[in-house]
Amino acid sequence: MDTNIQIIGVDNGNSQHKTRHTCFTTGIALVDDNPIVYDNILDYNGKCYRIGGDRINVQDDKVCNENFYLLTLASIARELNARGTEAVRKNHIILAAGLPIGRYGAEKKAFRNYLLKNRMVRFRYEKKEYVIFIEDVLVYPQCYGAIVGRLPMMTGQEIVVDIGSWTIDIMKVTDRVPDQATIATDPNGIITCMRRIQEVCVAQTNEKIDEYMIREFITKGDVRLDQEFVDIMAKEFTRYTKGIFRNLAERGINVRTTPITFVGGGAVLMKRYAGIDQKNVSYVEDVKANAIGYEALAGLYLNAQRKKEA
């Protein structure tokens, strides 16, 4: 197998798209063919799209339209640029992506075919031309990707909780091996909490906070808003995170004695607002952890293939 192939991991989230080095809002909008500025502009197949900004509505099926395909192209371009790769060079890549662990088995084949439908793709991003050859698409379970680097330390039994934008995935790991029979998915991801914050703000202040500002508060822990809005967000995040611990307890998980690792965009919320200070609880706060893990898993696969061909 060609040793010049690059592995690029993309975490196709409902709220944010992440690669090893980049992160942007899952937003896409068709724009005029001659935009005023070309920042975040994807030019593909004769059409121009602005990437980022307000996120698209949640899609239960990521392959139902072109949105996630186009966002993946933007992710690839941004990652190649972050790596300092010459844009116009012909880039041969293996794309490593992921799906919610509860839907992985049912949707893996369709998602792989969706991302692999064009083996050669030519497009422009921010006026730079990219030519990529997708040699393969490898699809892995979200949640598992985020803990790949921690697996050697996971002895005994541990619960991994991936708090994403749309779902909360819960997985038991026993002696470093995921237990598929225990996988559960809860449809109460961070977006549900953000909607609740907006509703409370309208009810109490007659003003609505834009979702962008809420995401800024999650990411930075601070935002340029009056204190009453900050107080509402902090109160609702506390309610939300404590509810997740109650959910785990209701599932029969002893939250005081079972090792639990929180990953995904909600890990920072759990650490900041749940009020839990226990040695059995840890956090993977890097929102790019899944994308990084996908690359690690794909690297193991690639090395195995090279050994077979040697």
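Mentor: Let us begin with β8 and β10, which run parallel and are joined by ten bridges. The model is a predicted one, and the description that follows should be read accordingly. Within this pair, I93 stands opposite I134 in β10. Strands of a sheet pair through backbone hydrogen bonds, either parallel or antiparallel, and both arrangements occur around this pair.

Strand β8 covers residues 90-99, and eight of its ten residues are buried, so the strand is largely enclosed by the rest of the structure.

Strand β10, residues 128-141, has a further partner in β9, residues 120-125; here the two strands run antiparallel and six bridges join them. In this pairing, Y125 stands opposite K128 in β10.

These pairings belong to an open sheet of seven strands with mixed pairing, and its order is β1-β8-β10-β9-β6-β7-β5. The edges are taken by β1 (6-9) and β5 (28-31); each has a single partner strand, so one side of each is left without a neighbour in the sheet. From one strand to the next, the twist averages 40°.

A further open sheet has three strands in the order β2-β3-β4, with antiparallel pairing. Its edges are β2 and β4, and since each has a single partner strand, one side of each is left without a neighbour in the sheet. Two bridges hold the antiparallel pair of β2 and β3, in which N12 stands opposite H17 in β3.

Of the 39 residues in its lining, S15, Q16, K18, G265 and V287 are the closest to the centre. The elements that contribute two or more lining residues are β2 (11-12), β3 (16-18), β4 (23-25), α3 (190-205), α4 (211-220) and α7 (289-309). Helix α4 gives the most to this lining, with six residues. By class, the lining of the largest pocket comprises twelve nonpolar, 15 polar and twelve charged residues.

Helix α3 also takes part in the second largest pocket, where β12 (168-174), α3 and α5 (227-250) each supply at least two lining residues. This pocket has a volume of about 200 Å³. Its lining includes I168, D186, T192, R239 and Y240, and α5 gives the most, with six residues. The lining divides into five nonpolar, four polar and three charged residues.

In soluble globular proteins, nonpolar side chains tend to be buried together. The core here has 39 residues, of which V161, I163, F237 and F262 touch the most other members. At least two residues each come from β11 (157-163), β12, α3, α4, α5, β14 (260-263), α6 (267-273) and β15 (281-283). The largest share, nine residues, is that of α5.

Key: Residues numbered from 1 in each chain as written. Predicted model: local features only at pLDDT ≥ 70, side-chain atom pairs only at ≥ 80, totals over all residues. Heavy atoms only, no water. Pairing = 2+ DSSP bridges. Helix = DSSP H or I, 4+ residues; strand = E, 2+ residues; numbered from the N terminus. Axes fitted to C-alpha atoms, helices over the stretch in contact; angles between N-to-C directions. 1 Å grid on protein atoms, 1.4 Å probe; cavity = no way out; pocket = protein on both sides within 12 Å on 5 of 7 lines; lining within 4 Å. Nonpolar A, V, L, I, M, F, W, Y, C, P; charged D, E, K, R; others polar. Points joined across faces, edges and corners; volume = space filled by probe spheres on them. Core = buried A, V, L, I, M, F, W, Y, C linked by side-chain atoms within 4.5 Å. Buried < 20%, exposed > 50% of the residue type's maximum accessible area, 1.4 Å probe, protein only.
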